[in-house]
Each structure stands twice: as C-alpha cells, then as structure tokens.
Amino acid sequence: MTKSLNREELLFIAQSVDPGDKCSDCQSLNCQGWESIPGGFITNSLECIGTLRIENAPECWEEDHPKGTTIWSKDAPISTSFHPYNKSDVYECKHCRSKYLRYTECGGYYVDERIRELSAELIS
C-alpha cells in the first residue's frame, strides 16, 4: 500500500532534493511547472514513494493561485489540499533520487499523465 503523506512529510522529502545531481534520464525533464510526461521518457525509472490523495475525502477541484498563477506556472504554489496536488503521487528517481509529483488528467477524450518537480520553496 502506498504511504499517505501530509504537508510536513512532503516538505521533508522536498528538502532532501539536490537539483544539481540529476541523472541523464531526469535531465530530459523540464517540469518546474506541471507538464505532460514527454514521449520516450522511461517512467519505470521513477518509483512511487507516497501519495497526497486522501481516501474518502470529499472531491476538491479548486486550485490555489493567490498570486495570479495558473496550473502551468513554474511558481504556482504546491498546495496539498487543492487540485491537482490532492490527486497526486510523489515519485523518486531510482538513479539520482530527484523527486516529482505526478497525476493523471482524465478529460472527456484524453488521458494525460502530468509531472512536476518537487520544490520545497513552493510548498504552501
């Protein structure tokens, strides 16, 4: 079973990241803000280490953008109780230990796997 993470645990994980130590696989990711996982990226190099989803929690599709950011903004806050973070899992690269958030966007006619680098400075 995937470990549920709270804000403090996520912050601890994020503070363990050294952005200068990315492996060749992770260097291909440019995802300071949410991005679609690029074609050809080997997702099995990432291991799920926890989830921000809370079982039986009421649905929340509201986003948190107090400074006018959008979901795509590199400086958008990582607000664990708001969408899409409340539907995200936390992943770690098996090679370089870089940390990422991932969730699947399910639209009417598509499924889009999205990824964002975990940044301690943006956790609100």
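Residues are numbered from 1 along each chain as its sequence is written, and side-chain values use heavy atoms, with hydrogens and water left out.

Tyrosine 100 belongs to strand S4, which covers residues 99-106; helices (H or I, at least four residues) and strands (E, at least two) are DSSP runs, numbered from the N terminus. Is tyrosine 100 buried or exposed? Tyrosine 100 counts as buried because its relative accessible area is 0%, and the cut-offs are under 20% for buried, over 50% for exposed and in between for partly exposed, with a 1.4 Å probe and protein chains only. If you draw a distance from tyrosine 100 to lysine 22, the C-alpha atoms are separated by 12 Å, although the two residues are 78 residues apart along the chain.

Cysteine 26 is buried, since its relative accessibility is 0%. Beyond its neighbours within four places in sequence, cysteine 26 is in contact with Cys93, Cys96, Ser98 and Tyr100. For a distance across the model, pick threonine 51 as well: its C-alpha atom and that of cysteine 26 are separated by 20 Å, and the two residues are 25 residues apart along the chain.

Now colour the chain by pLDDT, which is the predictor's confidence in each residue, from 0 to 100. The chain averages a pLDDT of 91, and 99% of the residues score at least 70. Among the elements of the chain, helix H2 (residues 24-27) has the lowest mean pLDDT, 86, whereas S2 has the highest, 97. Where pLDDT is low, the predicted coordinates should not be read in detail.

The next stop is the loop between strand S2 (46-51) and strand S3 (89-93), where proline 84 is placed. Select histidine 83 together with proline 84, and look at the peptide bond that runs from the one to the other, which is cis, with omega near 0 degrees. Asparagine 56 counts as exposed because its relative accessibility is 78%. Arginine 97, in the loop between S3 and strand S4, likewise has a positive phi, of about 70 degrees, and is not a glycine; arginine 97 is partly exposed, with a relative accessible area of 44%. Most residues other than glycine have a negative phi, and most peptide bonds are trans.

Return to the loop between S2 and S3 and select threonine 69, which is buried, with a relative accessible area of 12%. Which side chain is joined to that of threonine 69 by a polar contact? The partner is histidine 65, at 2.7 Å, a polar contact being a pair of N or O atoms within 3.5 Å, of which, within protein, one must be able to donate a hydrogen and the other to accept it, and for which residues adjacent in sequence count only if both atoms are side-chain atoms. Apart from its neighbours within four places in sequence, threonine 69 is in contact with Asp75, Ala76 and Pro77.

Serine 119 can be compared in the same way, and it sits in the segment after strand S5 (111-117). Serine 119 is buried, with a relative accessible area of 19%, and its side chain makes a polar contact of 2.9 Å with the side chain of glutamate 121. Not counting residues up to four places away in sequence, serine 119 touches Ala14 and Ile78.

Definitions and conventions: Predicted model: local features only at pLDDT ≥ 70, side-chain atom pairs only at ≥ 80, totals over all residues. Contact = heavy atoms within 4.5 Å.
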